[in-house]
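Please look at the sequence and model first.

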Amino acid sequence: MQAYRASLLHFHEDPAFHAQAYEWHEDGLLIVDNGKVHTAGDYATLHATLRPNTEVHDYSGKLLLPGFIDTHVHYPQTDMIASPAPGLLPWLESYTFPTERLFDDPAHAAVVADFFLEELLRNGTTTDMVYCTVHPQSVDAFFEASARRNLRMVAGKVMMDRNCPDFLRDTAESSARDTEALIQRWHNKGRALYAITPRFAPTSTEQQLQLAGELARAYPDTFIQTHVSENEDECAWVKSLFPQSRSYIDVYDSYGMLRPRGMYGHCIWLNERDRQRMAETQAAAAICPTSNLFLGSGLFDFPCADAAGMLLSLATDVGGGTSFSMLQTMNEAYKVARLGGSYLPALRMFYLATLGAARSMQLEGVIGSFKAGAEADFIVIDPQATPLLQRRAARSESLEELLFALALLGDDRAVAATFSAGRRLHARSD
Ligand SMILES: [Zn+2]
């Protein structure tokens, strides 16, 4: 048993819809037993309940939060982050496909997977939903690297059997066979979870989507992840490829892929009916603001998504996204909301990056909060991380103000430590 003293914040509801959405203990204590949360609350009441000899780690002056969850990211694109291209389709051609080709080599995949996971931990991210490449060995390399660190990770092999270079093309049959073998090898093994991963509708034949949908039905507790309605050129392309479909997301719907544990990246150019379908099927949206601004894709519509009751979370979408930091992702989400005429409070953004994501993934009670029994994935945030943050934090008059300053000014430097299943895996070197 281990205990951690600091200011403690976690959510039990969405602050956009509930007045009492979170728990805040200015002088708090988190008690961890065997990698799980035992209790979280006020230091004053809990310290007397500690068993003798329990070590208390003192992080007073810092914030203890559940680890961040990033619901959409491409680990093979780590080395091509910040690559210039005028829009999504030229960016895919010039950078993405040649970079992903290298993951044919398991040794290369292993090196990048290790770097990627260390970068996540430096940024306080403890769970990701990860796209690998079309190569099954890229998935093995990723899950082997995450198992060594005992991380709660979701990942899958990209399925892609048309409109891509030959060197990245599978077939409908081979992609289904490889996916099923990977599900059997990795899903629920330790903390690994599998996601059936057709890249996006334009790079899959109808036969491949059909088989992906069949796998999603055969293995109902696996995840599904793909892209939808990211930019207008792509939407027009999907319309020409699937003229019988009502909309882009309707393509996935018609193959039975809208269901709980379905995670759809971007969701910008949706209509009312699309949003309703996502809400009623509990398919969730991964909002990728740094990527959407970088590629000029468009602005996610928060009010319309909330009106429909969609499940929402934030995501980096590295390498289309420009930062591994969920704090920097909040910074850009805030601006996306402002440009769309709405407003995102900091409390809501921290909810979306923790419990909101866990709910979107049907993993509430497992990750994303300090509920008793949850896996002890947590981070220590330092409001004194930089001279500027220190001055701004000193003048914060509310929790909202403090969190807002962290979201707008913070990045990896603000993450003092990252713990996974009760073990410290990252400590910032000061
Ligand atoms: Zn993506």
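## A buried glutamine

Q208 is buried, with a relative accessible area of 0%. Buried here means under 20% relative accessible area, calculated with a 1.4 Å probe on protein chains only. Q208 belongs to helix α6 (residues 206-218). Helices are DSSP runs of H or I with at least four residues, strands are runs of E with at least two, and both are numbered from the N terminus.

The side chains of Q208 and D170 make a polar contact of 3.0 Å. Such a contact is a pair of N or O atoms within 3.5 Å; within protein, one must be able to donate a hydrogen and the other to accept it, and residues adjacent in sequence count only if both atoms are side-chain atoms. Leaving out residues up to four places away in sequence, Q208 touches M159, M160, D161, D170, T171, A172, S175 and T203. Touching means heavy atoms within 4.5 Å.

## Basis of the model

The model is predicted: local features need pLDDT of at least 70 and side-chain atom pairs pLDDT 80 or more, while totals for chains, interfaces and linings use all residues. Residues are numbered from 1 along each chain as its sequence is written, and side-chain values use heavy atoms, without hydrogens or water.

## A strand covered on both faces

Strand β14 (residues 378-381) is covered on both faces. F378 and V380 are buried on one side, I379 and I381 on the other. In a regular strand the side chains alternate between the two faces of the sheet.

β14 runs antiparallel to β4 (residues 55-66), joined by 4 bridges. It also pairs with β15 (residues 415-420), again antiparallel, over 4 bridges. Pairing requires at least two DSSP bridges. V380 stands opposite L64 and also opposite A417 in β15.

## Pocket and cavity

The largest pocket has a volume of about 240 Å³. On a 1 Å grid over the protein atoms alone, a pocket is an open set of points with protein on both sides within 12 Å along at least five of seven lines; in a cavity, a 1.4 Å probe fits but cannot get out; lining residues have an atom within 4 Å of a point. Volume is the space filled by probe spheres set on points joined across faces, edges and corners. The pocket is lined by 16 residues, with D14, M310, L311, Y351 and R359 nearest its centre.

The search finds 1 cavity of 30 Å³ or more. Of its 13 lining residues, L88, W91, L92, H227 and E230 are closest to the centre. The largest cavity has a volume of about 110 Å³. Helix α2 (residues 88-101) gives the most to its lining, with 3 residues.

How values were computed: Buried < 20%, exposed > 50% of the residue type's maximum accessible area, 1.4 Å probe, protein only.
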